[in-house]
Amino acid sequence: MQQVTETRRPTRLRWARRGVLALAAVITFLGVVLVVAAWTEDISIDANTGYANAEVVSVNFTRTLVLFYTPDGAEHIPQTGVLYPSGLKEGDVVQVEYRQDNPELVRVKGRGAIITLLPVGLTIVGVWALAIPGAWWLRRRM
């Protein structure tokens with residue numbers, strides 16, 4: 001009975017270590033996908049850019065909604081929110097850039113995917129700064 005318990009422990013620790021490394025790899029992958037998606041949306045907006053002044057109508061954790069008018073007089077409130085909304089407050093008026101053939105895709109003027117690099121990069125570095133010592137500690141316990 002004693003020998004069965006001793007052989008299970010290294011197996012559990014091995015799976016725990018693999019789990020820690022797999023979780024770190026998944027978070028890294030998601031961070032890279034986030035940056036690529038931001039760049040793709042920026043390229044899409046840059047291909048057919050329209051400009052407008054927009055009023056911030058709602059700010060919450062998941063999205064920031066803006067109201068703006070296109071030159072044809074149509075009112076737009078993109079349901080997915082504006083890209084790169086940091087620092088905006090309800091009632092602010094900001095300049096936005098949008099894709100003319102898809103006004104649902106809108107970003108704050110002057111902001112782009114480059115601002116995603118710092119938070120995503122720091123998150124990835126932080127995850128690996130915890131995962132590597134954690135995996136090493138689990139390996140030493142085997």
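Asp 42, Asp 46, Glu 97 and Arg 107 are linked in a network of salt bridges (a salt bridge is a side-chain nitrogen of Lys or Arg within 4 Å of a carboxyl oxygen of Asp or Glu). The model is predicted, so local features need pLDDT of at least 70 and side-chain atom pairs count only at pLDDT 80 or more, while totals for chains, interfaces and linings use all residues. Residues are numbered from 1 along each chain as its sequence is written, and side-chain values use heavy atoms, with hydrogens and water left out.

Side chains of opposite charge can pair when their charged atoms come close. A search of the whole structure finds 4 salt bridges. Arg 107 pairs with Asp 46, and their closest N and O atoms are 2.4 Å apart. Arg 107 lies in strand β5 and Asp 46 in helix α1, so this contact ties together parts that are 61 residues apart in sequence. Helices (H or I, at least four residues) and strands (E, at least two) are DSSP runs, numbered from the N terminus. Arg 107 is buried, with a relative accessible area of 6%. Here, buried means under 20% relative accessible area, exposed means over 50%, and partly exposed lies in between (1.4 Å probe, protein chains only).

Arg 107 also forms a salt bridge with Glu 97, with the closest N and O atoms 2.6 Å apart. This pair links distant parts of the chain: Glu 97 is in strand β4 (residues 93-99), Arg 107 is in strand β5, and they are 10 residues apart. Both Glu 97 and Arg 107 are buried.

A further salt bridge joins the side chains of Arg 99 and Asp 101 (2.7 Å, N to O). Arg 99 is buried, at 19% relative accessible area. Asp 101 is exposed, at 51%.

The largest pocket has a volume of about 220 Å³. It is lined by 15 residues, and the closest to its centre are Thr 62, Thr 80, Gly 81, Val 82 and Leu 83. On a 1 Å grid over the protein atoms alone, a cavity is a set of points where a 1.4 Å probe fits but cannot get out; a pocket is an open set with protein on both sides within 12 Å along at least five of seven lines, and lining residues have an atom within 4 Å of a point. Grid points are joined across faces, edges and corners, and a volume is the space filled by probe spheres set on the points. Strand β5 (residues 102-108) gives the most to the lining, with 3 residues. By class, the lining has 7 nonpolar, 5 polar and 3 charged residues.

On the surface, Trp 39, Ile 43, Ile 114, Ile 115 and Leu 117 form a nonpolar patch, with about 470 Å² of accessible area together. Helices α1 (2-47) and α2 (114-141) each supply at least two residues of the patch. The most come from α2, with 3 residues. Ile 43 sits in helix α1. Ile 43 is exposed, with a relative accessible area of 55%.

Two further sites concern the backbone. Tyr 84 has a positive phi of about 60° although it is not a glycine. Tyr 84 is found in the loop between β3 (75-76) and β4. Tyr 84 is buried, at 9% relative accessible area. Ala 24 belongs to helix α1. Ala 24 counts as buried, at 1% relative accessibility. Ala 24 and Trp 128 are 104 residues apart in sequence and 6.3 Å apart in space, C-alpha to C-alpha.

Technical notes: Ala, Val, Leu, Ile, Met, Phe, Trp, Tyr, Cys and Pro count as nonpolar, Asp, Glu, Lys and Arg as charged, and the others, Gly among them, as polar. Patches are made of residues with over 30% relative accessible area and no salt bridge: like charges are joined within 9 Å, nonpolar side chains (Val, Leu, Ile, Met, Phe, Trp, Tyr) within 5 Å. Accessible areas come from the Shrake-Rupley method with a 1.4 Å probe; for residues, only the protein chains shown count as cover.
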